[in-house]
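This report goes through one protein chain, from its overall make-up to single residues. Please have the sequence and the coordinates open while reading.

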Amino acid sequence: MYSKLFTTVVIGLVLLVVPPALTLRYSIHSTRVIYFEALTRCIKNGGHLAAIEIAYQQTQIWNAIQKAGLSTGTFWTAGTDLGMEGAWLWLSRNKPVGSVQGWTNWMDGEPNNAGGTAHCLAMVGGTGNGQWGDFSCESVNHYVCEYAD
Ligand SMILES: [Ca+2]
């Protein structure tokens, strides 16, 4: 009796404490499209292009990519500095990249704005191990959508 009540209370507390970001669901898309096409497709799916604000989300997404057998691919996320060079935003969330305790996950030497046209953030598979690089928004990559439900 008491243990049942105790369990219920503990689960209730855990649900209260877990931030909403941890309940996000993701979909991994093998189709390769330009950044804004990915952004649009995720909205049409009822979600948003994924933002990666904390390490936990990075791990969840990277695990899903590996599970999908696409770990050598490159994946669009919602990050872009198209509006102002070096001012990276999660466009789908209207928040700066690194706004949660300064956490980012760029690969060494990234973002490097290669060719002066790399304004969109993608997770890099293979040796990149899912860390981030900046690419031309016109290049075609796989993409990750997130859903709040
Ligand atoms: Ca780059």
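The model is predicted: local features need pLDDT of at least 70, side-chain atom pairs count only at pLDDT 80 or more, and totals for chains, interfaces and linings use all residues. Residue numbers start from 1 along each chain as its sequence is written.

**Overall make-up**

The protein has 3 helices and 8 strands. Helices (H or I, at least four residues) and strands (E, at least two) are DSSP runs, numbered from the N terminus. From the N terminus, the order of elements is α-β-α-β-α-β-β-β-β-β-β. The chain holds 149 residues, of which 32% count as buried. A residue is called buried if 20 or more other C-beta atoms lie within 10 Å of its own, exposed if 12 or fewer, and partly exposed in between, with C-beta atoms placed from the backbone. Two residues are in contact if their C-beta atoms, placed from the backbone, lie within 7 Å. Of the contacts between residues at least 6 apart in sequence, 69% join residues at least 24 apart.

Helix α2 spans residues 35–44, and Tyr35, Ala38, Leu39 and Cys42 are buried in it. Viewed down the axis of α2, these buried residues fall within an arc of 100 degrees, so they line one face of the helix. The arc is that of the directions from the helix axis to the C-beta atoms. An α-helix has 3.6 residues a turn, so residues three or four places apart point the same way. The cover over the buried residues of α2 includes β1 (25–33), β2 (48–49), β3, β6 (118–124) and β8 (141–147). Just after α2, glycine 46 has a positive phi of about 90 degrees.

Helix α3 has 13 residues, and from its first C-alpha to its last it reaches 18 Å, close to the 18 Å expected at 1.5 Å a residue. The expected span is 1.5 Å times one less than the number of residues in the helix. Gln57, Gln58, Ile61, Trp62 and Ile65 are the buried residues of α3. Seen down the axis of α3, they fall within an arc of 125 degrees, so they line one face of the helix. Thr59 and Lys67, on the other side of α3, are exposed. The buried residues of α3 pack against β1, β3 and β8. Glycine 69 follows α3 and has a positive phi, near 70 degrees.

**The core**

A nonpolar core is a set of buried Ala, Val, Leu, Ile, Met, Phe, Trp, Tyr and Cys residues joined through C-beta atoms within 7 Å. The largest such core has 31 residues, among which Leu49, Ala50, Trp76 and Ala122 touch the most other members. At least two residues of this core come from each of α2, α3 (55–67), β3, β4, β6, β7 (132–136) and β8. The largest share, 6 residues, is supplied by β6. Not counting residues up to four places away in sequence, leucine 49 touches Ala38, Leu39, Cys42, Trp76, Thr77, Ala78, Ser92, Tyr143 and Cys145.

Strand β8 is mostly covered, with 6 of its 7 residues buried. Two strands pair if DSSP finds at least two bridges between them.

| Pair | Sense | Bridges |
|---|---|---|
| β1 and β8 | antiparallel | 6 bridges |
| β2 and β8 | antiparallel | 2 bridges |
| β3 and β8 | parallel | 2 bridges |

Arginine 25 has tyrosine 147 in β8 as its bridge partner. Histidine 48 stands opposite glutamate 146 in β8, and tryptophan 76 stands opposite tyrosine 143 in β8.

**Loops and backbone features**

Most residues other than glycine have a negative phi, and most peptide bonds are trans. Asparagine 94, in the loop between β4 and β5, has a positive phi near 55 degrees. Asparagine 94 counts as exposed because it has 9 C-beta neighbours inside 10 Å. Asparagine 129, in the loop between β6 and β7, also has a positive phi, near 55 degrees. Asparagine 129 is exposed, with 12 other C-beta atoms within 10 Å.

The peptide bond from glutamate 110 to proline 111 is cis, with omega near -5 degrees. Proline 111 sits in the loop between β5 (95–96) and β6.

Glutamate 85 lies in the loop between β3 (74–80) and β4 (89–90). Glutamate 85 is exposed, with 12 other C-beta atoms within 10 Å. Its C-alpha atom is separated by 7.5 Å from that of histidine 119, 34 residues apart along the chain.
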